[in-house]
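Biologist: Could you walk me through this model, one question at a time?

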Amino acid sequence: MHEILLSARHLTKRFGGLAAVNDVSLDLSRDEIHAVIGPNGAGKSTLTHLLSGDLPSTSGQIQLGAQDVTGWSADRISHHGLGRSFQKTNIFSPLSVWENIRLAAQSRSTPAPGNPLGWWLRADAHAGVNQRAERALNLARLSARRDTVAGLMSHGEQRQLEIAMCLATEPEVLLLDEPLAGMGVAEAERMVELLLALKQDHAMLLVEHDMDAVFTLADRLTVMVNGQVIASGTPAEIRADANVQAAYLGEEHA
Amino acid sequence: MDLANFLIQLLNSVQYGLLLFMLAAGLTLIFGIMGVVNLAHGSFYMLGAYLGYALCAAWGSLTLAIAGGAALSVLFGLLLERLLFRHFYHRDHLDQVLLTFGLIYIFEEMRSILWGDDVHGVPVPAALEWSIPLTENLSYPAYRLFMSGVCLLLAAGLYLLISKTRLGMKIRAGAFNRDMTESLGINIQRIHAIVFAMGVGLAAVAGIVAAPVSSVYPNMGSQVLIMCFVVVVIGGIGSIRGALIAALLVGLVDTFGKVLLPQVASMLVYVLMALVLLWKPQGLFKQ
Amino acid sequence: MTQPNRRQLLTRSAAVIGAASTGLLLPEIVRAQSNKVRVGFMLPYTGTFAPLGVAIENAFRMALDEQGGKLGGREIEWFKVDDESEPSKGVENASRLVQRDKVDILVGTVHSGVQMGIQKVARDSGVLSLIPNAGVHAATRALCAPNVFRTSFSNSQPTRALGKVMVDKGHKKAVWITWKYAAGDEAFEGFKESYTAAGGTIVKELGLPFPNVEFQALLTEIAALKPDAVACFFAGGGAAKFIKDYAAAGLKGKIPLYGSGFLTEGVLDAAGPAADGIYTTLHYSDSLDTARNKAFRLAYAKTFKLQPDVYAVQGYDTGLLMIQGANAVKGDLSNKKALYAAMESAVIDSPRGKWSMSKQHNPVQDIYLRVVENKENKVVGVAAKALADSGAGCRMA
Amino acid sequence: MSTARAHLEVLPRSIQLVLWLGLLALLAFPWIGSDFHAQMVSRMMILAIFAMSLDLLQGVTGLVSLGHAAYFGLAGYLLAFMTPPGEPVSLWWTLPVAVLGAGLAAAVIGFFVVRTQGIYFIMVTMAFAQMVFYLFFDNKVLGGSDGIYINFKPDAVLFDLENKQVFYYFTLACLVGVYLFLRRLLWSPLGRTLNGIRINEHRMRAMGYSTFGYKLTAFTVAGALAGLAGYLWGAQTGYVNPELMGFHMSAHAIMMVILGGMGNFAGAMVGAFCFEYLLHLFKDLPTVGGFQMGKHWQLWMGSFIVLVVIWAPRGVLGLIQRFGGDSDA
């Protein structure tokens, strides 16, 4: 089995009485896409927020590589090699595509806020940052849209930009929250290709509804219903699993 | 500070707190519920006080002045909302700050042109001219008790209106998500007009009711403005209950600050506000 | 809007800048030097002290009009600036009159913070500066100057006459209360000096932040302390409120209230019956029973349809002082030595009674004891005869 | 698809032109205008520096501070405390001390204030500024409500600041220096980060920026630059009082930045000059037919502000752009 990059043990998140995520444990290994599926409101997005540090967990433990990152802030976790994209497009609309990606890339090599050097140097003259940004731009196949204002692009392209900004921080672990949401067939195919290409030396957690994409991409599958994991395993095992069918998949995939 | 004195000071602080709530009530609606940063709130209070003085002089009775003042100020509020504020609900807080700061200048000058720059007094109605003896040389003016009564009535009325009536429900819905409420077929424009006019009316009525005690003088609004924002923000923007509790708290700190720590009395209220905001960044009772 | 060519763009922007800068220069070009006396008013025409600014200007002009509207035989050109009682603009507004309008005489102001700004400009520029109201001590003490004359009072003068009066009336233990700001502290200095000298003891010194007007807490404190009497310094809207709260708290009948005259000046119709029986000391009273005062009040009321107050009297006296000075040098205001000498030795026949100038250019004047009876300050007697300010620390250059 | 760069960094040509013309006018002014106007314009320049320092917070980082005058006044007071009554003090060490002092105060207050968001940030900055105001207003040791004199302008050895024209050009140099520093800062890593925080702070955190540190740095730098302006104000007028830190001064700074147009520092400068110039203009209005126009200056000033906020949402600079006909505004 490949090296485990991210593992969660008994993760729980309560909002008052409601347990949005209830005692969930899962592992993410290198070179593997681990998809999390489940009906709306199953707690998938909440899970990503817990793993990325956007939301503090009520209980449970998160391990990123060798480091226990439970309770860390989102920016500290990000610095430890976790990149994430958002379900609702969350980009810098007035800025150009290049500037969006460059800002993400800059987060990795920028002087401390208080250091006056960081006030005087020209941000876009930093070779390392530019190189990282260029790589992410090409990986996400957005080179043609380099100087376009992000807000003016199509929904699909903005989702690609989300991925590019995620890659620009050169993370080892990728949390992708419904990257295919709202995409046309052609755009979705291109995105699936992109995700497959990214598989090497990244560990990816994919939250997705598009069953075809999930079954082509995922090496492991976890099904969540009402905040709990009801089944986890390879796509074949999940397809054959009785209670998954009953709770979620329905006949056509039987 | 023996017990009797302490109890009287407590009464003073409660009375000042209730007065502060009455002054800030209009702001809880416009700033609290509708989210419009209304720096001109002090000016509405001042215009109300001068209006009350003028009506009281003309009609001779405070109750008539309150009624007349309320009606006129609500009309003025409706007009102002129609002409100006209607275009600013979606605008950024900064534009609201700029607009209302300009209005402060305009209203100050309007008052100077209409009613001159002199200090005036509004007589306490004869029925409330007496005082209740507390100690052998201190007694409590009945009018202040009347004012506290009005404040409590106002607080209860506002609380019930906002949280228990259908109109209140629509107001809260509109404040929470304007577009969703509009799509449900509720005429949000009318709701906003009503709430804004009520906010202006409340500020003006507060001016009239407080006039017999505070007397009426130029630029009186600016002294009240900052204190009203302090009350609304400490209470939690949008919460009527929060504004009442915060007003009582500020009344307490201000009253006992003057008596016990006179050297730092002026800073205490702001220290309180800073502490509350740092402890609970959304104020005490934010929904 | 098609993309305009460079030339068109250049002209438009230049027009904007050109208009702005000429606007700045315009007043400059008009300012030809004429042989009129240039008098500049720097007074509050907006905000809380607006009525005081108007009263001072009215009375000053009336004093000059009574002498034919001339100063030492020369016509007068008037300049005005609204100081808004805003201390942060004090120096800026004063410089406008002194440097831009090149006034020969600067009359102003009311607020002591703004007065400090004027004092700075007056000491630097040497312009003849007449102070019609602000009682800040420094103006005729540490920061005194030969070209600065005050026709009103120093903050401690009225209260220096108060101490003895209260002890004479048998009040051995008193509480002092005022706003915590410069004018309040300086008024207390006068009261403390005179009251302790006359054998009284100050039980407690109460203060509240300026401009807070919520007095209930301190009134309760006073009731608990049970002093023989209360002495205070308040002015304007806050004074009216203090009088009403004091009476409403039932203290009016039980603990007599004394104060500097500004407690009951110009606020009696706002304060109403609550003010009756309050004893105050001030260098003037509406009901001063002298022919001079009656003539002045009649003339003022006829000209301006307003009842004059102490601020009008101070404005009027500023006019009288200026007339004496200008006539002594026959209008040649540049002869500063003779002008200042004449003004220093002037005796002003004022509605408040004759007064003369101290060496530090602050009035040496009688302070009257007054009591409020149905909205009027009745003169009861002279609390202090020819009282002069100490002028400590003044080194007249 | 227009390839508009983020409008912040690159100023449209019409605005660049206005700035160059403005600079020329300012350079030539002392030779045309009188002493008083030179002082008035140098006061406008000082307020322009103050407005630009607030624009770093308000326009670039999206933090609206209603207490920015506290650091402006504080530096003025530091100069007053450092200047002995009898003789001038050297500019070369007092200016840095005042600026660093104001920056330190901004850092301390900022540490508490920067955690809050939105409206609460506005209110808590106002609360802290009122505390600083009353600290000086109530204490006679710190000058009390009547303030303190600064009897001598700082001594600069190389040039004589007592000479009004020299002081004017020194202020102009500070203005241009601060403007260039801030324009340059827009292109620096800190500038780009603050820009990102204004647009989408949540995403910035998700990408690995500890936004608290950056916002605190912006607050401190803005406080220090406000200190520079306060120091110059104290040096020029020679009189500091608590109102310099008051609510009105902070509110006027916000007016200037919004009026001029936010985010590119040119707007803050134009806003400062317009605001001050109009105040003078309206107060000087003649008496027309017995109606003293000048006395009611508040009416005209208030109306102007309301008109600008309705018809020129992006401030005077927005107007100049439209007036100058730039298409990619």
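Here are some questions about the model, each with an answer.

Modeller: This is a predicted model, where local features need pLDDT of at least 70, side-chain atom pairs count only at pLDDT 80 or more, and totals for chains, interfaces and linings use all residues. Residues are numbered from 1 along each chain as its sequence is written, while chains are lettered from A and ligands numbered from 1 in the order in which they are written.

Biologist: What is the bridge partner of Val39(C) in S3(C)?

Modeller: Strand S1 (residues 37–43) and strand S3 (residues 105–107) of chain C run parallel and are joined by 3 bridges. Within S3(C), Val39(C) has as its partner Ile105(C).

Biologist: Are H11(B) and H5(D) roughly parallel or roughly antiparallel?

Modeller: Axes are lines fitted to C-alpha atoms, for helices over the stretch in contact (C-beta atoms, placed from the backbone, within 7 Å), and angles run from 0 to 180 degrees between N-to-C directions. The axes of H11 (residues 265–279) of chain B and H5 (residues 118–138) of chain D cross at roughly 150 degrees. Angles under 35 degrees count as roughly parallel, over 145 as roughly antiparallel, 65 to 115 as roughly perpendicular and the rest as oblique. That makes H11(B) and H5(D) roughly antiparallel.

Biologist: How many residues of the contact of H11(B) with H5(D) are nonpolar?

Modeller: Among the residues in this contact are Tyr270(B) and Phe128(D). Ala, Val, Leu, Ile, Met, Phe, Trp, Tyr, Cys and Pro count as nonpolar, Asp, Glu, Lys and Arg as charged, and the others, Gly among them, as polar. Besides 2 polar and 1 charged, the nonpolar residues number 14.

Biologist: Which helix gives the most to the side of chain C that touches chain B?

Modeller: The contact takes 36 residues from chain C and 35 residues from chain B. By class, the side of chain C has 18 nonpolar, 11 polar and 7 charged residues. With 7 residues, the helix that gives the most is H8(C).

Terms used:
Pairing = 2+ DSSP bridges. Helix = DSSP H or I, 4+ residues; strand = E, 2+ residues; numbered from the N terminus. Contact = placed C-beta atoms within 7 Å.
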